[in-house]
Amino acid sequence: MAATLHNDIQTPDGDFGYVMPAHRIREIARLAIRCGWDLDGARRAAGMPAPTPGQPTALITRTTATTVLQHLWASTNDELLGVGPKPVSLGTFRLLAFALCSAPTLATALKRFEQCRPALPGMPAVNLSSGDGATTLSIDLTGFTEPVDFLADVLLALTHRAINWAIRRPLCLQRVDLPHPRPRGNTDYHMLFGAPVEFFAPRTALIFDSAALSEPIVRTQHDVETFLFNSPSGIISQFDFYSSHSDRVRRIIEARLGGQGCTADEIAAGIGMSRQTLRRRLRDENTSVTDIKDDVLREAAIASLAKGTETIAALSQRLGFSEPSAFTRAFRRWTGQPPTHYR
């Protein structure tokens with residue numbers, strides 16, 4: 001499996017392949033100069049060819065990215081590679097991983113991180129707030145080296161993938177808030193997050209359904225040891241959670257169930273492509289936005305009716321129907337039976 005900006009790429013050795021857009025290459029180059037990274041040494045360690053003048057994109061595999069980052073960690077002796085307000089000694093992430101993996105739930109793990117952070121001054125502060133069924137996980141970049149644009153993107157993506165790994169399932173995001181403007185040209189935000197992105201936001205944050213806070217942390221000590229030994233390969237592999245366009249569409253619909261922002265145009269925008277392109281991609285997967293939406297609504301309706309704790313009027317409203325009769329007609333179309341049959 002591989003993921004890129006627009007198409008999947010399978011490298012000759014079967015490794016994950018990611019096409020890095022031009023704006024990311026420029027950002028990394030500026031940050032490397034500012035922080036004095038040994039990119040030539042990292043490139044040689046990974047067996048990557050020398051860059052060519054005017055190269056607009058770069059193919060980065062999981063193997064090369066892992067080797068490059070391991071080289072930079074060793075050469076900087078800083079797990080944040082010199083971009084933080086203070087160095088983060090090698091081994092800090094290991095300490096945090098073991099402290100957090102023993103937490104019973106995601107909520108407990110995030111609270112533990114907040115409690116540990118004062119003892120780790122080089123780490124960014126994390127704030128968790130909940131309201132109206134949504135939780136916002138904000139990262140404070142105060143004191144971090146410019147460019148904040150790149151750091152905000154990377155830290156949010158890494159945080160999201162670390163959570164995915166810890167709970168062994170994708171954390172479906174409702175929205176991602178970034179404090180900078182949208183870069184020009186091709187971007188990779190739909191692949192990084194699989195969710196709508198709000199630029200020029202007043203914070204750097206992931207927004208998700210508060211119900212996810214009760215997700216159990218399912219990783220064992222052995223899992224953590226293996227993860228750390230291969231780091232950062234395990235984090236990079238979390239790109240694989242969004243392995244198909246139909247899966248991305250399903251996640252968006254589930255996150256916005258019964259709410260706003262669920263038209264075909266809005267879903268396509270959340271994935272980062274035009275409605276026409278999304279229609280073609282889904283057709284290749286033998287489905288459509290309508291089919292996926294009907295499937296999500298049908299599953300949610302049957303699950304509620306089986307529990308019997310919600311009236312049909314309340315259920316129809318929660319699922320976004322204008323009135324119970326419209327929900328009943330849709331349910332008959334899906335199942336051939338009235339909703340009352342499933343109570």
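**Exercise 1. Find which element gives the largest share of the lining of the second largest pocket.**

Solution. Start with the term: on a 1 Å grid over the protein atoms alone, a pocket is an open set of points with protein on both sides within 12 Å along at least five of seven lines, whereas a cavity is a set where a 1.4 Å probe fits but cannot get out; lining residues have an atom within 4 Å of a point. The model is predicted: local features need pLDDT of at least 70, side-chain atom pairs count only at pLDDT 80 or more, and totals for chains, interfaces and linings use all residues. Residues are numbered from 1 along each chain as its sequence is written, and side-chain values use heavy atoms, with hydrogens and water left out.

Step 1. The second largest pocket has 25 lining residues, and those nearest its centre are Arg-169, Asp-209, Ala-211, Glu-254 and Ala-255.

Step 2. Two or more lining residues come from each of strand S7 (205-209), helix H10 (245-255) and helix H13 (289-307). Helices (H or I, at least four residues) and strands (E, at least two) are DSSP runs, numbered from the N terminus.

Step 3. H13 supplies the largest share, six residues.

**Exercise 2. State the volume of the second largest pocket and the classes of its lining residues.**

Solution. Step 1. The space in this pocket is about 630 Å³. Volume here is the space filled by probe spheres set on the grid points, which are joined across faces, edges and corners.

Step 1. Sorted by class, the lining holds twelve nonpolar, ten charged and three polar residues. Ala, Val, Leu, Ile, Met, Phe, Trp, Tyr, Cys and Pro count as nonpolar, Asp, Glu, Lys and Arg as charged, and the others, Gly among them, as polar.

**Exercise 3. Decide whether Asp-294 is buried or exposed, and list what it touches.**

Solution. Step 1. Asp-294 lies in helix H13.

Step 1. Its relative accessible area is 16%, so Asp-294 is buried. The classes are buried under 20% relative accessible area, exposed over 50% and partly exposed in between (1.4 Å probe, protein chains only).

Step 2. Leaving out residues up to four places away in sequence, Asp-294 touches Arg-333 and Trp-334. Contact means heavy atoms within 4.5 Å.

**Exercise 4. Name the residues that touch the most other members of the largest nonpolar core.**

Solution. Step 1. A nonpolar core is a set of buried Ala, Val, Leu, Ile, Met, Phe, Trp, Tyr and Cys residues joined through side-chain atoms within 4.5 Å.

Step 1. Among the 54 residues of the largest one, Leu-173 and Phe-193 touch the most other members. Helix H6 (residues 148-167) gives this core the most, eleven residues.

Step 2. Beyond four places in sequence, the contacts of Leu-173 include His-160, Phe-193, Leu-206 and Ala-255.

**Exercise 5. Compare the burial of Val-176 and Gln-174.**

Solution. Step 1. Strand S5 (residues 173-177) holds Val-176, and Gln-174 is also placed in S5.

Step 1. Val-176 is buried, with a relative accessible area of 0%, whereas Gln-174 is partly exposed at 25%.

Step 2. Not counting residues up to four places away, Val-176 touches Leu-156, Phe-193, Pro-196, Val-197, Glu-198, Ala-205 and Leu-206. With the corresponding neighbours left aside, Gln-174 contacts Ala-134, Pro-196, Ile-207, Phe-208, Asp-209 and Ala-255.

**Exercise 6. Find where the pLDDT is below 50.**

Solution. Step 1. pLDDT is the predictor's confidence in each residue, from 0 to 100. The chain mean is 81, and 86% of the residues reach 70 or more.

Step 1. The pLDDT is below 50 over residues 1-17, a stretch with 51 contacts in the model beyond near neighbours in sequence. Where pLDDT is low, the predicted coordinates should not be read in detail.
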